[in-house]
Amino acid sequence: MAIVTTLHSGSVKVTDYRCTATPDERPVAEVHDAHSLSYVRRGGFSYRYRGRTYEMVAGSVLVGRRGDEFMCTHDHHACGDECLSFHFSPEILERLGRTGSEGRDRIWRSGGLPPLPELVVLGELAQACVDNRSAIGLDEIGWAFSSRFVELVSGRRSEAVTLPQRDRRRAVEAAMWIDANAAAPLDLDATARQAGLSPFHFLRIFAKAIGATPHQYLVRSRLRRAARLLADGSDSITNVALDVGFADLSNFVRTFHRAAGVSPRGFRNAARGDRKILQERLTAPA
């Protein structure tokens, strides 16, 4: 495990985790040393927490609560998992919490979140900051990411994976295949065929394991790539839309705006340092 701390301010610590564990390595129990949100930017693994198993794929968010025990396993594959993790001080938790201590505990024990469009765009903006491709402060992105997380998870019911390991493995491998081929025109039949399952069975196990349908995951993979390209600021909005797999520019603009709360051009401006957009739009409730 390679661990690099890229920021350590008074309220937010940001850590880059790169795991090279293989399926034959015996997992060990660990303890969260802070309340944290880890954005999975590559790979896939299982997160076992409070008797439940959550499948983590690119775009997922691993939620940690200080003092709680957890275990990460790599039963499905070994491809080099990468996470960008935000660790928060107690003061931040007080400022974020609008639901009292009981509500805060429920929120921070939500385990794992599937790739949500509102979070994947911020996760990619955070990665752009780490790579020095954005003028926004990484601590500012941490605030925005955590605030959006609290808003989204407050009314969301956490789901746990209860599928057999074989089906979970198929779902995770299919998600990785979709992510790798997201720029291509994919449909349910094509992805089910790749997984060696009937469309109906594939749809059922994928949605159960990943927390999104195959099409939803495809769109969110495209949004992640679009956010990355927009943060680079080197290509036109039209080319970005086409490069990530959107055949229609207006559909791309509409889908991206719905996820980020701001247009693709506005998102690019935010990456270049427009903090007003970040504060007023990216963190606004949906």
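## Nonpolar cores

A nonpolar core is a set of buried Ala, Val, Leu, Ile, Met, Phe, Trp, Tyr and Cys residues joined through side-chain atoms within 4.5 Å. Buried means under 20% relative accessible area, exposed means over 50%, and partly exposed covers what lies in between, with a 1.4 Å probe and protein chains only. In the largest such core, which has 50 residues, the members that touch the most others are Phe-86, Phe-149, Phe-252, Phe-256 and Phe-267. Helix α3 gives the most to this core, with 9 residues. A second, separate core has 20 residues, including Ala-182, Ala-192, Ala-209 and Tyr-217.

## Model and overall make-up

This is a predicted model, in which local features need pLDDT of at least 70 and side-chain atom pairs count only at pLDDT 80 or more, while totals for chains, interfaces and linings use all residues. Residues are numbered from 1 along each chain as its sequence is written, and side-chain values use heavy atoms, with hydrogens and water left out.

The chain has 12 helices and 10 strands. Helices (H or I, at least four residues) and strands (E, at least two) are DSSP runs numbered from the N terminus. Of the 286 residues, 53% count as buried. Among contacts (heavy atoms within 4.5 Å) with a separation of 6 or more, 72% are between residues 24 or more positions apart.

## Helices α3 and α4

Helix α3 covers residues 117-130 and helix α4 residues 138-153; they pack at an angle of about 165 degrees with their axes 10 Å apart. The axes are lines fitted to C-alpha atoms, for helices over the stretch in contact, and angles run from 0 to 180 degrees between N-to-C directions. The two helices are therefore roughly antiparallel to each other; the term applies to angles over 145 degrees, with under 35 counted as roughly parallel, 65 to 115 as roughly perpendicular and the rest as oblique. Their crossing is left-handed, meaning that the near helix is turned anticlockwise from the far one by less than a right angle, whereas clockwise would be right-handed.

On the α3 side the contact is made by Glu-118, Leu-119, Leu-122, Gly-123, Leu-125, Ala-126, Cys-129 and Val-130, and on the α4 side by Leu-138, Ile-141, Ala-144, Phe-145, Arg-148, Phe-149 and Leu-152. By class, this contact has 12 nonpolar, 1 polar and 2 charged residues. Ala, Val, Leu, Ile, Met, Phe, Trp, Tyr, Cys and Pro count as nonpolar, Asp, Glu, Lys and Arg as charged, and the others, Gly among them, as polar.

## Helices α8 and α9

Helix α8 (residues 214-232) packs with α9 at an angle of about 145 degrees, their axes 9 Å apart. The crossing is right-handed. Arg-222, Arg-225, Ala-226, Leu-229 and Leu-230 of α8 meet Ile-237, Val-240, Asp-243 and Val-244 of α9. These residues divide into 6 nonpolar, no polar and 3 charged.

Thr-238 lies in α9, which spans residues 237-244. Thr-238 counts as partly exposed because its relative accessibility is 36%. Thr-238 and Asp-248 are 10 residues apart in sequence and 8.9 Å apart in space, C-alpha to C-alpha.

## Positive phi angles

Most residues other than glycine have a negative phi. Arg-50, in the loop between β5 (44-49) and β6 (52-57), has a positive phi near 50 degrees. Arg-50 counts as exposed because its relative accessibility is 53%.

Asn-132 also has a positive phi, near 60 degrees, and lies in the loop between α3 and α4. With a relative accessibility of 70%, Asn-132 counts as exposed.
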